[in-house]
Amino acid sequence: MVDGGDLFGRRQTNEKEQTKFLCEVTGSFGWDAIGLGEYDLNYGLTFLREMIETYNLPFTCANVRTAETKELILPPYLIIERGGVRFGIISVLDPGLTIETMSPNDPAFEVTDPIAALRTLIPQVRQEAETILLLSHMGDQASETLLKEVEGIDIAVIGHYYRKWDQERVIGDTVALSAVYEGRYMGRADLDIDSDGVVQSVEVEVTALDDKVADDPVMLEKIEQFKKHLEEFRLSLRAKYPQVKGSEHEQFLTERSCRTCHQDIWELLKGSAHQAAFTSLGKKGQSYNPDCLVCHVVGYQYKNGYDDRPPNNRLVNVQCEACHGYGTLHRRNGKWKQEAVESCVTCHDEENSPNFDYATYWEKIKH
Amino acid sequence: MAKFLRNRVWGRTLLLALMGLVILLLTNLDFRERIRLAQSGADQWKQITLIYHSDCKGKIEPCG
């Protein structure tokens with residue numbers, strides 16, 4: 001049983017919790033090999049290694065190294081014997097994919113040419129295995145190019161791809177398979193392998209893991225328990241900054257409402273750092289971090305302010321009301337200008353914005 | 001009988017028929033050998049079931 005990579009979730013604190021749970025339960029499945037996807041480094045190398053050791057996850061990758069030492073971060077291949085056949089399982093990652101981690105202490109990574117890596121490795125693996133199985137985390141097109149270029153791969157499972165293949169595809173001498181994604185499908189290939197390790201025939205069945213497939217009651221119970229844990233975790237994060245400021249009688253109306261009268265200002269501010277504040281958090285995997293959110297959304301500590309659930313999850317980025325206050329209040333009295341000036345330093349403080357100078361910064365958003 | 005075999009036409013026909021029989025026999029033997037060899041090869045094939053998946057992306061339930 002193999003996985004083509006990207007087992008881990010996105011760079012968000014809650015998804016990191018979910019990934020830990022996923023590693024625990026899939027570890028019990030007894031994977032034979034897991035290829036490395038760029039998502040699998042989202043929480044850093046230390047976290048990945050912790051999951052590997054704790055839950056016996058057989059990750060492998062032949063072309064990701066630390067930029068400094070040039071050492072491979074994972075075993076380049078695995079040898080396993082199943083049904084009397086020795087498999088050499090190799091995994092490669094597309095060098096075009098970006099690896100970003102949530103962990104600031106991680107080393108930089110270097111993804112080397114997968115074709116060169118495979119050409120070097122395959123003769124070596126051949127000495128130990130009859131059949132070579134590639135976990136190609138490169139999507140369909142790059143994988144196809146690779147399989148045409150590199151000889152000696154018997155089977156390939158394609159990852160970093162969003163379409164399932166109901167049948168195998170033969171690319172060069174390789175039987176290529178794909179069953180993706182987000183746990184929606186599971187592929188099964190019944191293979192006849194000859195004494196030289198060559199696939200002589202294959203029958204593929206891709207099953208949609210939908211309501212027609214009965215849930216395992218033990219797993220279902222584990223998931224329900226985990227969901228309760230995740231909710232407690234979410235609330236514990238939220239509790240750090242309770243919504244105690246402002247008034248429950250006022251509402252943040254979002255910039256959409258502001259634009260009905262102030263379209264010219266909105267045009268002026270379009271593309272500013274304020275308007276990408278939440279997106280920038282997401283890029284750093286901090287969009288669930290209350291310490292960061294407080295300055296990257298509207299009214300995080302305010303009643304009726306940002307919440308990570310609808311309807312107030314639309315109050316993302318530093319919209320008008322982040323500086324000017326409740327839209328409902330402004331509609332009535334218009335007394336917000338001085339408050340807006342004072343509001344800058346609540347986020348542009350010594351720690352987060354040491355070079356802040358009101359006059360200089362104001363020029364960037366003058367309106 | 002001897003007279004019949006001395007007949008040039010019938011004699012050639014019989015010869016051709018005998019040659020055909022020999023060819024058929026040899027060919028049949030070859031087919032049987034091939035089938036036997038193929039069957040013995042297939043006997044050595046190993047049946048493996050590969051379960052595969054990718055890009056779970058941290059999901060424990062479908063989004064919708």
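Residues are numbered from 1 along each chain as its sequence is written, and chains are lettered from A, and ligands numbered from 1, in the order in which they are written. The model is predicted, and local features need pLDDT of at least 70, side-chain atom pairs count only at pLDDT 80 or more, and totals for chains, interfaces and linings use all residues, while side-chain values use heavy atoms, with hydrogens and water left out.

Helices (H or I, at least four residues) and strands (E, at least two) are DSSP runs, numbered from the N terminus. Helix α5 of chain A comprises residues 217-238. Its 22 residues should span 32 Å at 1.5 Å a residue, and its end C-alpha atoms are 32 Å apart, which agrees; the expected span is 1.5 Å times one less than the number of residues. In α5(A), Ile223(A), Phe226(A), Leu230(A), Phe233(A), Arg234(A), Leu237(A) and Arg238(A) are buried. These residues lie on the same side of α5(A), because they cover an arc of only 125° around the axis, the arc being that of the directions from the helix axis to the C-beta atoms. An α-helix has 3.6 residues a turn, so residues three or four places apart point the same way. On the other side of α5(A), Pro217(A), Val218(A), Lys228(A) and Glu232(A) are exposed. Buried means under 20% relative accessible area, exposed over 50%, and partly exposed in between (1.4 Å probe, protein chains only). The buried residues of α5(A) pack against α1 (13-27) and α8 (290-296) of chain A, contact meaning heavy atoms within 4.5 Å.

Strands β12 (residues 185-193) and β13 (residues 199-208) of chain A pair in the antiparallel sense over nine bridges; two strands pair if DSSP finds at least two bridges between them. Leu191(A) has Val202(A) in β13(A) as its bridge partner. The two strands form a hairpin with five residues between them, and Gly197(A) in the turn has a positive phi of about 90°. Strand β12(A) is also joined by seven bridges to β1 (residues 46-53) of chain B, and these two run antiparallel. Here Arg188(A) stands opposite Ile51(B) in β1(B).

The contact between the chains takes 19 residues from chain B and 54 residues from chain A. Tyr52(B), His53(B) and Lys57(B) supply 27% of the area that chain B buries against chain A, more than any other three residues.

A salt bridge is a side-chain nitrogen of Lys or Arg within 4 Å of a carboxyl oxygen of Asp or Glu. By this rule there are 25 salt bridges over all chains, and two between chain B and chain A. Glu182(A) forms one with Lys59(B), with the closest N and O atoms 4.0 Å apart. Within chain A, Glu110(A) and Lys70(A) meet at 2.7 Å, N to O. This pair links distant parts of the chain, 40 residues apart: Glu110(A) is in strand β7 (residues 109-111), and Lys70(A) is in the loop between β4 (64-66) and β5 (77-82). Asp190(A) forms a salt bridge with Arg188(A), at 3.2 Å between the closest N and O atoms.

Methods:
Buried area is the accessible area (1.4 Å probe) that two parts lose on being put together, summed over both.
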